[in-house]
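I'm opening my notebook to look up a few things in this structure.

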Amino acid sequence: MSVTPQTNTTLPGLAVEPALGERDDFVICGHVSPDGDCIGSQLALMHALRSLGKRAVCLLAKDEPIDARLAFLPGADGLVPAALYDGPAATFVAVDVPMRDRMNSAAAHLLDACAFSATIDHHAYDERMTDLAYVDPASASTTMLVWELAGLMGAERGAELAACCYTGLVTDTGRFQYQNTDAAALAAASAMVAAGADAAGVAREIFQSRSLPSVELEALAVERMRFGADGGWALSWVMRDDFEATGAVKADAEPLIDALRSLRGVRVACMLRDQGDSVRGSFRAKDGTDVAALARTLGGGGHRAAAGFTVSGPMEAAVERISALLDEALAGTPDDAEGERGA
């Protein structure tokens, strides 16, 4: 366990009265563009609270469709955009989101309107936005924390809750390939499968159900690949016109960075997506490079091995700026990924 300074409670503390234990009406929200860990955490906590006889609704920070690959999760069809929610809002629980800016204004307004609020997350951040916060960056996924919390609350950890938690864990560890795959993550995965999570079924839905437009986007990204630092970094990008030409949606671009990261010798991968007047970028590292530190220099953040950022301006300028940043970051640093490069 490696909780952050803004953490002011424990998971057992969250589980009991007067934190969550005695409360009845909950809204649960994550970040914009929710990934598997975000949606999985929300839905898992919802199932846990409902099993205890409480009312709980999961909100979407932004009114946009979720990644179609996550639609199979139990309860996903009941997600409500925060801007459209008009039900009870007594207790607000933020999961997998460290700051208000990542929730959007409608969700932040609901947070302010609630009498009590709590955060459960594994993204380090230097401010606390809720009454209680438990943030453990050492946890491989937020769903691992929700899984533990559900047990502490005495909730039923059945197949539905387990499927949601396992999905968050398997996606945030990159199919148990990333550096955050430790003994605790594997033990939690085992417990979730024992509770009814269908590991093969989740793999089919998440990793074997890509759309044709997503693959067509990847072909374009592969054509544009740029390398530096003697092959230590790889970068590519997709444009708004690419989405129109292929019929792709934003979620179809999520797997693209894995193609860059999978290349032998690449230590840091970067994927850029055109947003018109800005560029959204993602970093992934497979050595000791701290890409969260790189992202912070661009106004972003994240984990040591996975981070994101947004920069203003056109794609051409972003490509040059990020290329220079990666050259500087990897220049003269030792390669800790020899095991992945091969003999």
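These are my notes, and the model I worked from is a predicted one.

**Cysteines**

I looked for disulfides first. A disulfide is a covalent bond between the sulfur atoms of two cysteines. My count came to zero. The cut-off is a pair of sulfur atoms within 2.5 Å, so I checked two cysteines against it. For Cys29, the nearest cysteine sulfur belongs to Cys38, and that is 7.4 Å away. Cys29 is buried, with a relative accessible area of 0%. For Cys165, the nearest cysteine sulfur is that of Cys164, at 6.9 Å. Cys165 is buried too, and its relative accessible area is also 0%.

**Cores**

Next I asked which residues have the most contacts inside the largest nonpolar core. That core has 52 residues, and the ones with the most contacts inside it are Leu14, Leu43, Leu45, Ile120, Leu149 and Met192. Leaving out residues up to four places away in sequence, Met192 touches Thr143, Met144, Trp147, Ala162, Cys165, Tyr166, Leu169 and Ala197. A general point I jotted down: in soluble globular proteins, nonpolar side chains tend to be buried together.

**Helix H3**

Which residues of H3 are buried, and which are exposed? H3 covers residues 105-113, and Ala107, Ala108, Leu110 and Leu111 are buried. Looking down the axis, I found these buried residues within an arc of 155 degrees, so they line one face of the helix. Ser105, His109, Asp112 and Ala113 are exposed on the other side. I remembered that an α-helix has 3.6 residues a turn, so residues three or four places apart point the same way. What covers the buried residues of H3 includes strands E1 (25-29), E2, E4 (91-95) and E5 (116-121).

**The Asp67 loop**

Where is Asp67 found? I located Asp67 in the loop between strand E2 (55-60) and strand E3 (80-81). Asp67 is buried, with a relative accessible area of 12%. Its side chain makes a polar contact with the side chain of Arg69, at 2.8 Å.

**An annotated span**

Last, I checked the record. An unreviewed UniProt entry annotates residues 251-330 as "domain: DHHA1". In the model, this span is 35% helix and 30% strand, and its end C-alpha atoms lie 29 Å apart.

Methods: Residues numbered from 1 in each chain as written. Predicted model: local features only at pLDDT ≥ 70, side-chain atom pairs only at ≥ 80, totals over all residues. Heavy atoms only, no water. Buried < 20%, exposed > 50% of the residue type's maximum accessible area, 1.4 Å probe, protein only. Core = buried A, V, L, I, M, F, W, Y, C linked by side-chain atoms within 4.5 Å. Contact = heavy atoms within 4.5 Å. UniProt positions renumbered as here; feature names shortened; annotations may be inferred. Helix = DSSP H or I, 4+ residues; strand = E, 2+ residues; numbered from the N terminus. Polar contact = N/O pair within 3.5 Å; in protein donor to acceptor, adjacent residues only side chain to side chain. Arc of directions from axis to C-beta.
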